[in-house]
Amino acid sequence: MTSSPVSRVVYNGKRNSSPRSPPSSSEIFTPAHEENVRFIYEAWQGVERDLRSQMSGSERGLVEEYVEKVPNPSLKTFKPIDLSDLKRRNTQDAKKS
């Protein structure tokens, strides 16, 4: 597997002009929302499983990593963010306040 020099998230949706309020801890999720989350989770688990089996050499070509042919030079110093760690730190900071 080749390591990607550039990773980025692309959002093509419209930006809402009104600010969103932070989600409350008592937020209620609809059955449709839970079904969507479950579908995405299970699909991603399948991708990870395929990637592991491809890396172990048992199967070939199930998962393909996107690598830019010409990386953007201004992103050379880009450092990925561990979102789980960031959320954990923000939660701890909120508890201290």
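Helices (H or I, at least four residues) and strands (E, at least two) are DSSP runs, numbered from the N terminus.

I'm working with a predicted model, where local features need pLDDT of at least 70, side-chain atom pairs count only at pLDDT 80 or more, and totals for chains, interfaces and linings use all residues. Residues are numbered from 1 along each chain as its sequence is written, and side-chain values use heavy atoms, with hydrogens and water left out.

**Entry: salt bridges.** I looked for side-chain nitrogens of Lys or Arg within 4 Å of a carboxyl oxygen of Asp or Glu, which is what counts as a salt bridge here. The structure has 2 of them.

**Entry: D85 with R88.** I found these side chains in a salt bridge, at 3.4 Å from N to O. Both residues sit in helix α2 (residues 83-96), 3 residues apart, or about one turn of the helix.

**Entry: D85 with R89.** D85 also bridges to R89, with the closest N and O atoms 3.1 Å apart. I checked the spacing: D85 and R89 are 4 residues apart in helix α2, so about one helical turn separates them. Through shared partners, the salt bridges join D85, R88 and R89 into one network.

**Entry: exposure.** Are these residues buried or exposed? I used under 20% relative accessible area for buried, over 50% for exposed and partly exposed in between (1.4 Å probe, protein chains only). D85 comes out partly exposed at 25%. R88 is partly exposed at 44%, and R89 is partly exposed at 43%.
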